[in-house]
Amino acid sequence: MTQQDLRVRQAELDDYDDVAAFTQDTWADRRDSGDYIPRVFEDWVDSDGPRQRTLVVDAGDDVAGLAQFVRLSEHEAWAQGMRTNPDYRGRGVGRR
């Protein structure tokens, strides 16, 4: 798979299982509850709108990455929840 095979698109509720699978243990050694993404993903997708977008990097049969962007003003934005599926690290997911 090359970087060109990866497609950035709006996250959908159907992406939950793929996202939860690669994020649930992100900080398993530092937190009792692991990564917060599985707990907020569905709320993020449901609340997306003109000022907020939750995006995934679609690798065909899997989700290779995730990020949410919130526009705070005309001149600033906040990026959060940026994650790359460990199976796709080193393949340009972050650049995509």
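Q: A salt bridge is a side-chain nitrogen of Lys or Arg within 4 Å of a carboxyl oxygen of Asp or Glu. By this rule, what does the count come to?

A: The count comes to four salt bridges. Please note that this is a predicted model, in which local features need pLDDT of at least 70 and side-chain atom pairs count only at pLDDT 80 or more, while totals for chains, interfaces and linings use all residues. Residues are numbered from 1 along each chain as its sequence is written, and side-chain values use heavy atoms, with hydrogens and water left out.

Q: Let's take D58. How far apart are the closest N and O atoms in its salt bridge with R7?

A: The closest N and O atoms of D58 and R7 are 3.5 Å apart. D58 belongs to strand β2 and R7 to strand β1, so the bridge ties together parts that are 51 residues apart in sequence. Helices (H or I, at least four residues) and strands (E, at least two) are DSSP runs, numbered from the N terminus.

Q: Are those two residues buried or exposed?

A: D58 is buried, with a relative accessible area of 11%. R7 is partly exposed at 46% relative accessibility. Buried means under 20% relative accessible area, exposed means over 50%, and partly exposed is in between, with a 1.4 Å probe and protein chains only.

Q: And what is the closest N and O distance between D58 and R9?

A: For the salt bridge of D58 with R9, that distance is 2.8 Å. This pair also links distant parts of the chain, with D58 in strand β2 and R9 in strand β1, 49 residues apart. Both D58 and R9 are buried.

Q: Which residue forms a salt bridge with D35?

A: The partner of D35 is R83, and their closest N and O atoms are 2.7 Å apart. D35 lies in the loop between α1 and α2, whereas R83 lies in strand β4, so the pair ties together parts 48 residues apart in sequence. D35 is buried at 2% relative accessible area, and R83 is buried at 13%.

Q: Which residues end up in one network through shared partners?

A: Salt bridges that share partners join R7, R9, D15 and D58 into one network.

Q: Changing topic: what is the strand order in the sheet?

A: The order is β1-β2-β3-β4, in an open sheet of four strands with antiparallel pairing. Its edge strands are β1 (7-10) and β4 (76-84), each pairing on one side only. Two strands pair if DSSP finds at least two bridges between them. β3 and β4 pair in the antiparallel sense over seven bridges, and G65 stands opposite T84 in β4.

Q: Where do the helices lie?

A: Helix α1 (residues 16-23) lies across β2, β3 and β4 and runs at about 95° to β3. Helix α2 (residues 37-47) lies across β2, β3 and β4 and runs at about 115° to β2. Axes are lines fitted to C-alpha atoms, for helices over the stretch in contact, and angles run from 0 to 180 degrees between N-to-C directions. Contact means heavy atoms within 4.5 Å.

Q: Which residues make up the largest nonpolar core?

A: The largest nonpolar core has ten residues: A11, V19, F22, I37, F41, W44, V45, V56, V63 and L66. Two or more residues come from each of α1, α2 and β3, and the largest share, four residues, comes from α2. A second, separate core of six residues includes L6, V57, A64 and V93. A nonpolar core is a set of buried Ala, Val, Leu, Ile, Met, Phe, Trp, Tyr and Cys residues joined through side-chain atoms within 4.5 Å.

Q: Which strand holds Q68, and what are its polar contacts?

A: Q68 is in strand β3 (residues 63-73). It is buried, with a relative accessible area of 1%. Its side chain makes a polar contact of 3.0 Å with that of T54 and one of 2.4 Å with that of Q80. A polar contact is a pair of N or O atoms within 3.5 Å; within protein, one must be able to donate a hydrogen and the other to accept it, and residues adjacent in sequence count only if both atoms are side-chain atoms.

Q: And where is L55?

A: L55 is in strand β2 (residues 52-58) and counts as partly exposed at 23% relative accessibility. The C-alpha atoms of L55 and A67 are separated by 5.5 Å, although the two residues are twelve apart along the chain.
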